[in-house]
Amino acid sequence: MDLERLDRVVEIDRTSRAARIQPGVYGPSLEDQLRPHGLTLRHFPQSFQFSTLGGWLATRAGGHYATLYTHIDDLTESLRVVTPSGVSESRRLPGSGAGPSHDRFFLGSEGSLGIITEAWMRLQDRPTYGLTTSVELDSFAQAVEATRALAQSGLYPTNCRLLDPAEAYLNAGISTSGGVLVVAFESADHPVEAWMNRALELVADHGGRAGETKDRSASATERDAAGSWRSSFLRMPYQLDAMAQRSMVVETFETACTWDRFEAFHNAVRTAAQRAVEAVCGIGLVTCRFTHVYPDGPAPYYGVYAPGRWDGLLSQWDEIKAAVSAAIIDSGCTITHHHAIARDHRPWYEQQRSDAFGRVLRAAKDGLDPAGVMNPGVLMS
Ligand SMILES: Cc1cc2nc3c(=O)[nH]c(=O)nc-3n(C[C@H](O)[C@H](O)[C@H](O)COP(=O)(O)OP(=O)(O)OC[C@H]3O[C@@H](n4cnc5c(N)ncnc54)[C@H](O)[C@@H]3O)c2cc1C
C-alpha cells in the first residue's frame, strides 16, 4: 500500500501548537510545510530524509536529540487508524488517564493492526538559542559516570552523545583514551549559557575536559549547523554503504539498559560481539556510542566493522546479529531501543515480552484483522 500522496500538513492549531498531518509525508517536506509558521515537529531520526510520519508512528521512531521530546510517542496527540474491522480515532487531548492509551496501542504496531491515515502531532517553536561543545575523558568508565551525572541532573541537554574511543576516532577524528561526550543545549525561549555552564561543572567532576563552546543559535550558525548535521549524521549511512560495497560487514545494533547494569551488560555484549566477529570474519572492530540517555539508563548503539566475503555479507551479518541478540536478551535488555521489530527481531522480541502480553497482542490482531491481511508475520506469527 503506497501512502506517498498523503503528504500534506492539513491543519495547524497555533494556539495549542499542534498540526493534523497525513502519514505519507517525508521528513524534509514536513519541515518545509511547518517552517513558514515558525514551527517544527523537531523529530529528526537519522533516516529523516527517506522516512515518513506514518513510518515513524508505526515503528515508534526515536529522533536524534538525546533527552526529552525526541520519541515520536511523546509528540503524538491523537491518531486516526483504519483497520479491517473499522476506524479507530482518538480524541485530541494533552493527556488522559482514561484506561490504557488509545494511541500507544497503535504506536509501534508496525502496520499489523491497521493503517495510520492521519495524526495530530505536537509541535514546537523553532529554536533560536543553541550552544554545543565536546568533552574529552581519560577512561570510558569515567565517561559513563559523567554522562550519568548529566542525564540525572535535570538539565536535559539536547545532545548528550557519548562516543567510545573507537567511535570518536572513526566518526569525529578525535584520538582519546576514554571517549568524547558531545553536549548541546537549545531553546526557542531563553539563552542556554547557564545550563551549559552547569553541565560542564558536572562533567568536570568526573575529569571531563571541555573544548571550545560553539554558538549554535539560529542567527549565528544556520549554515554551520546544517553543515555539521549533514556530515555527522546524514552522511554516516552513506559511508557505511560505501564500505559494504568494498566487502565490509558494516552494521549496527542498539538497545537500552539501566545504569546499574550497564558495565556488566556492556562487557557481556561487547565480548559476544567481538567473539562472533572474529569467528565469522577473522578480525573486526566493535564500537559503542550512546544515542539517548535517560535518568535511569542509556541507550547504547554498537557499530560492527569487519572484512566480509563478497557473496556472503548478509549471512555473515546474520550470524553475528544472532549472537549479539542472544547476549542482549540474556542480559535482560531490549532487542531494540528505536529500530522496531518487524520479522527480523521477532524471535528475540518474543523472549522479551511476557506471554500474557503476547496473548493480548494476538487477541487484538484477531479482533482488528480477522483475515490476517495486515503485514502477516510482523510483530507476531
Ligand atoms: C540508515 C538508517 C538510519 C535510521 N535511523 C533511525 C533513527 O535515527 N531512529 C529511528 O527510530 N529509526 C531509524 N531507522 C529505522 C527506520 O528508518 C525508521 O523505523 C522509520 O521510522 C521508518 O519509516 P518509513 O517511513 O521508512 O517506514 P517503512 O520502512 O516504509 O515502514 C516501516 C513499518 O511501518 C509500517 N507503516 C508505515 N507507514 C504506516 C502507516 N501509515 N500506518 C501503519 N503502518 C505503517 C510498514 O508497513 C512497516 O511495517 C533508520 C534506518 C536506516 C536505514
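Modeller: In this predicted model, His345 is buried, because its relative accessible area is 8% and the limit for that class is under 20%. His345 is placed in the loop between helix 9 (313–330) and helix 10 (346–352). Leaving aside residues up to four places away in sequence, the contacts of His345 are Lys321, Ile335, Thr336 and Ala340. For Ala340 there is also a polar pairing: its backbone oxygen lies 2.8 Å from a polar atom of the His345 side chain.

The crossing of helix 8 with helix 9 is right-handed. Helix 8 contributes Phe265, Val269, Ala272, Ala273, Ala276, Val277, Val280 and Cys281, while helix 9 contributes Gln316, Glu319, Ile320, Ala323, Val324, Ala327 and Ile328. By class, this contact has 13 nonpolar, 1 polar and 1 charged residues.

Helix 8 (residues 259–281) also packs with helix 4 (residues 140–151), at an angle of about 155° and with axes 12 Å apart. Helix 4 and helix 8 are therefore roughly antiparallel as well, and helix 4 passes helix 8 in a right-handed crossing. Here Phe140, Val144, Thr147, Arg148 and Ala151 of helix 4 meet Trp259, Phe262 and His266 of helix 8. The residues of this contact divide into 5 nonpolar, 2 polar and 1 charged.

Notes
Residues numbered from 1 in each chain as written. Predicted model: local features only at pLDDT ≥ 70, side-chain atom pairs only at ≥ 80, totals over all residues. Heavy atoms only, no water. Helix = DSSP H or I, 4+ residues; strand = E, 2+ residues; numbered from the N terminus. Buried < 20%, exposed > 50% of the residue type's maximum accessible area, 1.4 Å probe, protein only. Polar contact = N/O pair within 3.5 Å; in protein donor to acceptor, adjacent residues only side chain to side chain. Contact = heavy atoms within 4.5 Å. Axes fitted to C-alpha atoms, helices over the stretch in contact; angles between N-to-C directions. Parallel < 35°, antiparallel > 145°, perpendicular 65-115°, else oblique. Left-handed = near helix turned anticlockwise from the far one by under 90°. Nonpolar A, V, L, I, M, F, W, Y, C, P; charged D, E, K, R; others polar.
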